[in-house]
Amino acid sequence: MVMVFVLFFVCSANAEKQSEPELEADFLTLAATLVKDGHNERALMALQNVDLEQEDIDLIRYYTVLGLAQLGLNDLANAKVSLGEAIRQGQTEPVIFLYLSQAHYGLEEYQETITAIELSGEAIKTYPALLEMKAQSHWLLQQYSHAWQALLLGKRYFPDDHRFLRRQVFYAIERELYRLGAELGREYLKQSKARPEDYVAIGNALRISRQFDEAASILEIARLHYPTHSIIAKVLAHNYLDQGMVNSAAAIMEQAAAYDATFINEAAELYRRAGRLYRALALNARIADSAVKLKQRMAILLGLKQYEKIVGMEAALFRSGILNEQHIRYALAYAAFATGNFSLTRRHLEPIKDPELFKRLSLIHI
(Lines give C-alpha, C1' and ligand atoms only; values in the text may rest on other atoms or scores of the structure.)
Protein backbone atom coordinates (compact mmCIF):
# COMPACT_ATOMS: atom_id res chain seq x y z
CA MET A 1 0.00 0.00 0.00
CA VAL A 2 2.89 2.38 0.82
CA MET A 3 4.38 1.81 -2.62
CA VAL A 4 1.13 2.81 -4.29
CA PHE A 5 0.90 6.03 -2.29
CA VAL A 6 4.47 6.95 -3.19
CA LEU A 7 3.86 6.30 -6.85
CA PHE A 8 0.69 8.38 -6.81
CA PHE A 9 2.49 11.18 -5.00
CA VAL A 10 5.24 11.21 -7.58
CA CYS A 11 2.70 11.28 -10.38
CA SER A 12 0.85 14.17 -8.71
CA ALA A 13 4.02 16.15 -8.03
CA ASN A 14 5.11 15.91 -11.64
CA ALA A 15 1.68 16.50 -13.09
CA GLU A 16 2.44 20.04 -14.14
CA LYS A 17 5.57 18.89 -15.97
CA GLN A 18 3.88 16.15 -17.96
CA SER A 19 1.36 16.30 -20.73
CA GLU A 20 -2.03 14.67 -20.03
CA PRO A 21 -1.49 11.66 -22.35
CA GLU A 22 1.81 10.92 -20.61
CA LEU A 23 0.08 11.00 -17.23
CA GLU A 24 -2.64 8.62 -18.42
CA ALA A 25 0.07 6.29 -19.71
CA ASP A 26 1.69 6.35 -16.27
CA PHE A 27 -1.54 5.20 -14.60
CA LEU A 28 -2.00 2.49 -17.21
CA THR A 29 1.55 1.27 -16.73
CA LEU A 30 1.08 1.31 -12.98
CA ALA A 31 -2.16 -0.68 -13.27
CA ALA A 32 -0.56 -3.22 -15.61
CA THR A 33 2.33 -3.70 -13.16
CA LEU A 34 -0.06 -4.12 -10.25
CA VAL A 35 -2.09 -6.75 -12.12
CA LYS A 36 1.11 -8.61 -12.96
CA ASP A 37 2.02 -8.64 -9.26
CA GLY A 38 -1.45 -9.80 -8.25
CA HIS A 39 -2.60 -6.51 -6.72
CA ASN A 40 -5.87 -6.35 -8.62
CA GLU A 41 -7.78 -4.03 -6.31
CA ARG A 42 -4.97 -1.49 -6.45
CA ALA A 43 -4.91 -1.83 -10.22
CA LEU A 44 -8.58 -0.87 -10.37
CA MET A 45 -7.85 2.16 -8.21
CA ALA A 46 -5.13 3.23 -10.62
CA LEU A 47 -7.42 2.78 -13.62
CA GLN A 48 -9.99 5.07 -12.04
CA ASN A 49 -7.54 7.90 -12.68
CA VAL A 50 -7.46 7.26 -16.42
CA ASP A 51 -9.47 9.76 -18.47
CA LEU A 52 -11.04 7.79 -21.31
CA GLU A 53 -11.86 11.01 -23.13
CA GLN A 54 -8.19 11.68 -23.84
CA GLU A 55 -7.54 11.54 -27.56
CA ASP A 56 -4.36 9.46 -27.40
CA ILE A 57 -5.46 7.01 -24.67
CA ASP A 58 -4.63 3.38 -25.44
CA LEU A 59 -8.10 1.84 -25.10
CA ILE A 60 -6.92 -1.61 -26.10
CA ARG A 61 -4.47 -1.68 -23.23
CA TYR A 62 -6.93 -0.05 -20.82
CA TYR A 63 -9.71 -2.59 -21.32
CA THR A 64 -7.25 -5.48 -21.33
CA VAL A 65 -5.76 -4.45 -17.98
CA LEU A 66 -9.23 -3.71 -16.59
CA GLY A 67 -10.51 -7.14 -17.66
CA LEU A 68 -7.52 -8.93 -16.16
CA ALA A 69 -7.91 -7.10 -12.84
CA GLN A 70 -11.60 -7.99 -12.72
CA LEU A 71 -10.84 -11.58 -13.63
CA GLY A 72 -8.27 -11.72 -10.84
CA LEU A 73 -10.94 -10.54 -8.41
CA ASN A 74 -13.38 -13.16 -9.74
CA ASP A 75 -15.66 -10.41 -11.03
CA LEU A 76 -16.42 -12.59 -14.03
CA ALA A 77 -19.39 -10.72 -15.48
CA ASN A 78 -17.51 -7.43 -15.69
CA ALA A 79 -14.32 -9.16 -16.80
CA LYS A 80 -16.21 -10.67 -19.73
CA VAL A 81 -17.47 -7.24 -20.76
CA SER A 82 -14.06 -5.56 -20.42
CA LEU A 83 -12.16 -8.27 -22.28
CA GLY A 84 -14.79 -8.25 -25.02
CA GLU A 85 -14.38 -4.49 -25.32
CA ALA A 86 -10.60 -4.90 -25.58
CA ILE A 87 -11.15 -7.25 -28.53
CA ARG A 88 -13.59 -4.81 -30.15
CA GLN A 89 -11.02 -2.04 -29.73
CA GLY A 90 -8.52 -4.14 -31.69
CA GLN A 91 -6.80 -6.46 -29.23
CA THR A 92 -5.35 -9.27 -31.34
CA GLU A 93 -3.12 -11.13 -28.88
CA PRO A 94 -4.38 -14.75 -28.88
CA VAL A 95 -3.97 -15.00 -25.10
CA ILE A 96 -6.87 -12.56 -24.67
CA PHE A 97 -9.20 -15.38 -25.67
CA LEU A 98 -7.74 -17.57 -22.94
CA TYR A 99 -8.77 -14.99 -20.35
CA LEU A 100 -12.15 -14.46 -22.00
CA SER A 101 -12.81 -18.19 -22.03
CA GLN A 102 -12.05 -18.34 -18.29
CA ALA A 103 -14.67 -15.69 -17.63
CA HIS A 104 -17.27 -17.49 -19.75
CA TYR A 105 -16.46 -20.84 -18.15
CA GLY A 106 -16.79 -19.44 -14.64
CA LEU A 107 -20.18 -18.02 -15.62
CA GLU A 108 -21.21 -21.47 -16.93
CA GLU A 109 -21.51 -20.07 -20.47
CA TYR A 110 -20.10 -23.18 -22.04
CA GLN A 111 -20.87 -22.54 -25.71
CA GLU A 112 -19.28 -19.09 -25.42
CA THR A 113 -16.30 -20.73 -23.71
CA ILE A 114 -15.82 -23.02 -26.69
CA THR A 115 -16.13 -20.13 -29.15
CA ALA A 116 -13.51 -18.07 -27.29
CA ILE A 117 -11.10 -21.01 -27.16
CA GLU A 118 -11.48 -21.67 -30.88
CA LEU A 119 -10.60 -18.01 -31.54
CA SER A 120 -7.34 -18.36 -29.60
CA GLY A 121 -5.61 -19.90 -32.60
CA GLU A 122 -2.20 -21.41 -31.89
CA ALA A 123 -2.51 -20.58 -28.17
CA ILE A 124 -4.38 -23.85 -27.81
CA LYS A 125 -1.06 -25.64 -28.41
CA THR A 126 0.60 -23.69 -25.60
CA TYR A 127 -1.95 -23.72 -22.78
CA PRO A 128 -3.29 -27.18 -21.82
CA ALA A 129 -5.95 -25.55 -19.65
CA LEU A 130 -7.67 -24.32 -22.82
CA LEU A 131 -8.22 -27.82 -24.14
CA GLU A 132 -9.29 -29.06 -20.73
CA MET A 133 -11.91 -26.30 -20.50
CA LYS A 134 -13.00 -27.01 -24.06
CA ALA A 135 -13.47 -30.69 -23.33
CA GLN A 136 -15.41 -30.05 -20.14
CA SER A 137 -17.57 -27.41 -21.81
CA HIS A 138 -18.51 -29.84 -24.59
CA TRP A 139 -19.19 -32.50 -21.96
CA LEU A 140 -21.48 -30.29 -19.92
CA LEU A 141 -23.35 -29.43 -23.13
CA GLN A 142 -23.72 -33.19 -23.70
CA GLN A 143 -21.58 -32.94 -26.82
CA TYR A 144 -19.76 -36.09 -25.83
CA SER A 145 -17.92 -36.90 -29.05
CA HIS A 146 -16.54 -33.34 -29.25
CA ALA A 147 -15.43 -33.57 -25.63
CA TRP A 148 -13.60 -36.82 -26.34
CA GLN A 149 -11.93 -35.31 -29.41
CA ALA A 150 -10.70 -32.37 -27.32
CA LEU A 151 -9.12 -34.80 -24.86
CA LEU A 152 -7.43 -36.71 -27.67
CA LEU A 153 -6.09 -33.41 -29.00
CA GLY A 154 -4.82 -32.57 -25.54
CA LYS A 155 -2.98 -35.89 -25.31
CA ARG A 156 -1.38 -35.23 -28.71
CA TYR A 157 -0.25 -31.68 -27.94
CA PHE A 158 0.76 -32.39 -24.34
CA PRO A 159 1.81 -36.05 -24.13
CA ASP A 160 3.37 -35.61 -20.69
CA ASP A 161 0.29 -33.96 -19.20
CA HIS A 162 -1.91 -36.73 -17.85
CA ARG A 163 -4.92 -34.60 -17.00
CA PHE A 164 -6.51 -35.53 -20.32
CA LEU A 165 -6.15 -39.26 -19.75
CA ARG A 166 -7.59 -38.82 -16.26
CA ARG A 167 -10.65 -37.07 -17.64
CA GLN A 168 -11.08 -39.83 -20.22
CA VAL A 169 -11.31 -42.31 -17.35
CA PHE A 170 -14.17 -40.49 -15.66
CA TYR A 171 -15.92 -39.65 -18.91
CA ALA A 172 -15.90 -43.34 -19.85
CA ILE A 173 -17.28 -44.36 -16.45
CA GLU A 174 -19.96 -41.67 -16.57
CA ARG A 175 -21.07 -42.92 -19.97
CA GLU A 176 -21.21 -46.46 -18.51
CA LEU A 177 -18.28 -47.62 -20.61
CA TYR A 178 -16.91 -49.41 -17.58
CA ARG A 179 -14.46 -51.74 -19.26
CA LEU A 180 -12.94 -48.83 -21.17
CA GLY A 181 -12.89 -46.74 -18.00
CA ALA A 182 -11.07 -49.45 -16.07
CA GLU A 183 -8.58 -49.98 -18.91
CA LEU A 184 -7.86 -46.25 -19.18
CA GLY A 185 -7.72 -46.04 -15.40
CA ARG A 186 -4.99 -48.64 -15.22
CA GLU A 187 -3.14 -46.86 -18.03
CA TYR A 188 -3.40 -43.56 -16.20
CA LEU A 189 -2.23 -45.00 -12.90
CA LYS A 190 0.69 -46.69 -14.66
CA GLN A 191 1.83 -43.69 -16.72
CA SER A 192 1.34 -40.83 -14.29
CA LYS A 193 2.77 -40.20 -10.88
CA ALA A 194 -0.54 -41.22 -9.42
CA ARG A 195 -1.38 -40.08 -5.93
CA PRO A 196 -3.41 -42.19 -3.51
CA GLU A 197 -6.32 -39.82 -4.19
CA ASP A 198 -6.26 -40.86 -7.86
CA TYR A 199 -6.63 -44.53 -6.97
CA VAL A 200 -9.43 -43.66 -4.54
CA ALA A 201 -11.27 -41.50 -7.07
CA ILE A 202 -11.10 -44.07 -9.89
CA GLY A 203 -11.79 -47.07 -7.66
CA ASN A 204 -14.69 -45.36 -5.95
CA ALA A 205 -16.20 -44.23 -9.26
CA LEU A 206 -16.19 -47.83 -10.45
CA ARG A 207 -17.61 -48.99 -7.11
CA ILE A 208 -20.47 -46.51 -7.27
CA SER A 209 -21.11 -47.73 -10.81
CA ARG A 210 -21.30 -51.26 -9.32
CA GLN A 211 -18.30 -52.44 -11.30
CA PHE A 212 -17.04 -54.22 -8.23
CA ASP A 213 -14.42 -56.48 -9.84
CA GLU A 214 -12.80 -53.61 -11.73
CA ALA A 215 -12.87 -51.44 -8.61
CA ALA A 216 -11.29 -54.18 -6.51
CA SER A 217 -8.56 -54.70 -9.10
CA ILE A 218 -7.49 -51.04 -8.97
CA LEU A 219 -7.90 -50.65 -5.21
CA GLU A 220 -5.92 -53.81 -4.43
CA ILE A 221 -3.04 -52.45 -6.54
CA ALA A 222 -3.36 -49.20 -4.60
CA ARG A 223 -3.04 -51.08 -1.30
CA LEU A 224 0.19 -52.64 -2.50
CA HIS A 225 1.60 -49.21 -3.31
CA TYR A 226 0.20 -47.47 -0.23
CA PRO A 227 -0.30 -50.13 2.48
CA THR A 228 -0.70 -47.53 5.25
CA HIS A 229 -3.24 -45.35 3.43
CA SER A 230 -6.42 -45.92 5.41
CA ILE A 231 -8.83 -44.29 2.93
CA ILE A 232 -7.84 -46.74 0.19
CA ALA A 233 -8.58 -49.57 2.59
CA LYS A 234 -11.91 -48.03 3.54
CA VAL A 235 -13.08 -47.68 -0.07
CA LEU A 236 -12.01 -51.26 -0.79
CA ALA A 237 -13.87 -52.45 2.31
CA HIS A 238 -17.02 -50.67 1.14
CA ASN A 239 -16.56 -52.25 -2.28
CA TYR A 240 -16.82 -55.67 -0.61
CA LEU A 241 -19.59 -54.49 1.70
CA ASP A 242 -21.69 -53.40 -1.29
CA GLN A 243 -21.51 -57.02 -2.47
CA GLY A 244 -22.63 -58.38 0.89
CA MET A 245 -19.13 -59.64 1.75
CA VAL A 246 -19.29 -58.30 5.29
CA ASN A 247 -16.57 -60.48 6.76
CA SER A 248 -14.06 -59.45 4.07
CA ALA A 249 -14.95 -55.80 4.63
CA ALA A 250 -14.48 -56.22 8.38
CA ALA A 251 -11.02 -57.76 7.94
CA ILE A 252 -9.87 -54.88 5.72
CA MET A 253 -11.22 -52.29 8.16
CA GLU A 254 -9.40 -54.01 11.00
CA GLN A 255 -6.16 -53.74 9.03
CA ALA A 256 -6.87 -50.06 8.35
CA ALA A 257 -7.45 -49.48 12.07
CA ALA A 258 -3.79 -50.32 12.66
CA TYR A 259 -2.95 -47.01 10.95
CA ASP A 260 -6.05 -45.01 11.84
CA ALA A 261 -7.67 -45.75 15.19
CA THR A 262 -10.91 -44.06 14.14
CA PHE A 263 -11.70 -47.14 12.03
CA ILE A 264 -11.83 -49.51 15.03
CA ASN A 265 -15.49 -48.75 15.66
CA GLU A 266 -16.46 -49.54 12.06
CA ALA A 267 -14.35 -52.71 12.03
CA ALA A 268 -16.01 -53.95 15.23
CA GLU A 269 -19.46 -53.11 13.87
CA LEU A 270 -18.79 -55.04 10.67
CA TYR A 271 -17.60 -58.07 12.63
CA ARG A 272 -20.82 -57.83 14.67
CA ARG A 273 -22.88 -57.78 11.49
CA ALA A 274 -20.87 -60.72 10.15
CA GLY A 275 -21.72 -62.72 13.29
CA ARG A 276 -18.16 -62.79 14.61
CA LEU A 277 -19.25 -61.41 17.95
CA TYR A 278 -16.21 -62.26 20.05
CA ARG A 279 -13.90 -60.62 17.53
CA ALA A 280 -16.20 -57.61 17.56
CA LEU A 281 -16.05 -57.54 21.37
CA ALA A 282 -12.23 -57.62 21.33
CA LEU A 283 -12.07 -54.63 18.97
CA ASN A 284 -14.78 -52.82 20.90
CA ALA A 285 -12.48 -52.73 23.93
CA ARG A 286 -10.10 -50.48 21.96
CA ILE A 287 -12.67 -47.76 21.14
CA ALA A 288 -11.77 -44.46 22.79
CA ASP A 289 -15.21 -42.79 22.71
CA SER A 290 -17.01 -44.14 25.78
CA ALA A 291 -20.54 -43.48 24.48
CA VAL A 292 -19.87 -45.19 21.15
CA LYS A 293 -18.08 -48.01 22.93
CA LEU A 294 -20.92 -48.67 25.39
CA LYS A 295 -23.66 -48.62 22.74
CA GLN A 296 -21.78 -51.06 20.55
CA ARG A 297 -20.81 -53.26 23.48
CA MET A 298 -24.47 -53.52 24.50
CA ALA A 299 -25.44 -54.59 20.96
CA ILE A 300 -22.70 -57.23 20.89
CA LEU A 301 -23.63 -58.60 24.33
CA LEU A 302 -27.27 -58.77 23.26
CA GLY A 303 -26.15 -60.88 20.30
CA LEU A 304 -24.21 -63.13 22.68
CA LYS A 305 -27.20 -63.22 25.08
CA GLN A 306 -24.91 -62.20 27.93
CA TYR A 307 -27.68 -60.36 29.75
CA GLU A 308 -25.97 -60.29 33.14
CA LYS A 309 -23.10 -58.26 31.68
CA ILE A 310 -25.57 -55.80 30.15
CA VAL A 311 -27.27 -55.32 33.52
CA GLY A 312 -23.83 -54.73 35.00
CA MET A 313 -23.37 -51.81 32.57
CA GLU A 314 -26.17 -49.77 34.18
CA ALA A 315 -23.88 -47.44 36.16
CA ALA A 316 -21.57 -46.86 33.18
CA LEU A 317 -24.55 -46.13 30.92
CA PHE A 318 -25.86 -43.63 33.46
CA ARG A 319 -22.48 -41.87 33.83
CA SER A 320 -22.06 -41.54 30.07
CA GLY A 321 -25.51 -39.97 29.70
CA ILE A 322 -26.70 -42.41 27.03
CA LEU A 323 -29.20 -44.06 29.38
CA ASN A 324 -31.44 -41.12 28.54
CA GLU A 325 -31.79 -42.57 25.03
CA GLN A 326 -34.95 -44.61 25.18
CA HIS A 327 -33.79 -47.47 22.97
CA ILE A 328 -30.80 -47.94 25.28
CA ARG A 329 -33.09 -47.93 28.31
CA TYR A 330 -35.35 -50.47 26.59
CA ALA A 331 -32.38 -52.78 25.86
CA LEU A 332 -31.33 -52.58 29.51
CA ALA A 333 -34.90 -53.33 30.62
CA TYR A 334 -34.97 -56.33 28.29
CA ALA A 335 -31.68 -57.65 29.69
CA ALA A 336 -32.95 -57.15 33.25
CA PHE A 337 -36.12 -59.09 32.39
CA ALA A 338 -34.05 -61.92 30.88
CA THR A 339 -32.12 -62.25 34.15
CA GLY A 340 -35.30 -62.20 36.27
CA ASN A 341 -34.60 -58.77 37.76
CA PHE A 342 -38.18 -57.51 37.41
CA SER A 343 -37.87 -54.46 39.69
CA LEU A 344 -35.04 -53.15 37.49
CA THR A 345 -37.14 -53.97 34.45
CA ARG A 346 -40.06 -51.88 35.74
CA ARG A 347 -37.79 -48.99 36.69
CA HIS A 348 -36.42 -48.69 33.15
CA LEU A 349 -39.68 -49.35 31.33
CA GLU A 350 -41.67 -46.63 33.08
CA PRO A 351 -39.85 -43.62 31.47
CA ILE A 352 -40.23 -44.97 27.94
CA LYS A 353 -42.55 -42.78 25.85
CA ASP A 354 -41.50 -43.76 22.31
CA PRO A 355 -44.58 -45.38 20.70
CA GLU A 356 -42.46 -47.72 18.58
CA LEU A 357 -40.60 -48.95 21.63
CA PHE A 358 -43.82 -49.07 23.58
CA LYS A 359 -45.16 -51.63 21.11
CA ARG A 360 -42.31 -53.92 22.08
CA LEU A 361 -43.37 -53.91 25.71
CA SER A 362 -45.85 -56.63 24.82
CA LEU A 363 -42.84 -58.91 24.56
CA ILE A 364 -42.23 -58.46 28.28
CA HIS A 365 -44.78 -59.79 30.73
CA ILE A 366 -44.07 -58.92 34.34
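**A short tour of an all-helix model**

Hi everyone, let's start with some rings: Trp139, Tyr144 and Tyr171 are linked into a cluster by ring pairs. Rings of Phe, Tyr and Trp (its six-membered ring) pair here if their centres lie within 6.5 Å, and planes under 30 degrees apart count as stacked, over 60 as edge-to-face and the rest as tilted.

Before going on, a word on the source: this is a predicted model, where local features need pLDDT of at least 70, side-chain atom pairs count only at pLDDT 80 or more, and totals for chains, interfaces and linings use all residues. Residues are numbered from 1 along each chain as its sequence is written, and side-chain values use heavy atoms, with hydrogens and water left out.

Back to the rings. Searching the whole structure gives 9 aromatic pairs. One of them is Tyr157 with Phe158: the ring centres are 6.4 Å apart and the planes stand at 85 degrees, so this pair is edge-to-face. Phe158 is buried, at a relative accessible area of 12%, while Tyr157 is partly exposed, at 27%. Buried means under 20% relative accessible area, exposed over 50%, and partly exposed in between, using a 1.4 Å probe and protein chains only.

Now the overall picture. The protein chain has 23 helices and 0 strands; these are DSSP runs numbered from the N terminus, helices being H or I with at least four residues and strands E with at least two. Of its 366 residues, 42% count as buried.

Please find helix H12, residues 196–208. Its 13 residues reach 18 Å from first C-alpha to last, close to the 18 Å expected at 1.5 Å a residue, where the expected span is 1.5 Å times one less than the number of residues. Which helices do the buried residues of H12 pack against? They pack against H10, H11, H13 and H14, with contact meaning heavy atoms within 4.5 Å. Among the buried residues of H12 are Tyr199, Val200, Ile202 and Leu206. Just after H12, Arg210 takes a positive phi of about 65 degrees.

Last stop: helix H18 (residues 290–304) and helix H21 (residues 326–338). Their axes come within 11 Å and cross at roughly 35 degrees; axes are lines fitted to C-alpha atoms, for helices over the stretch in contact, with angles from 0 to 180 degrees between N-to-C directions. Lys295, Met298 and Leu302 in H18 meet Ile328, Ala331, Leu332 and Tyr334 in H21.
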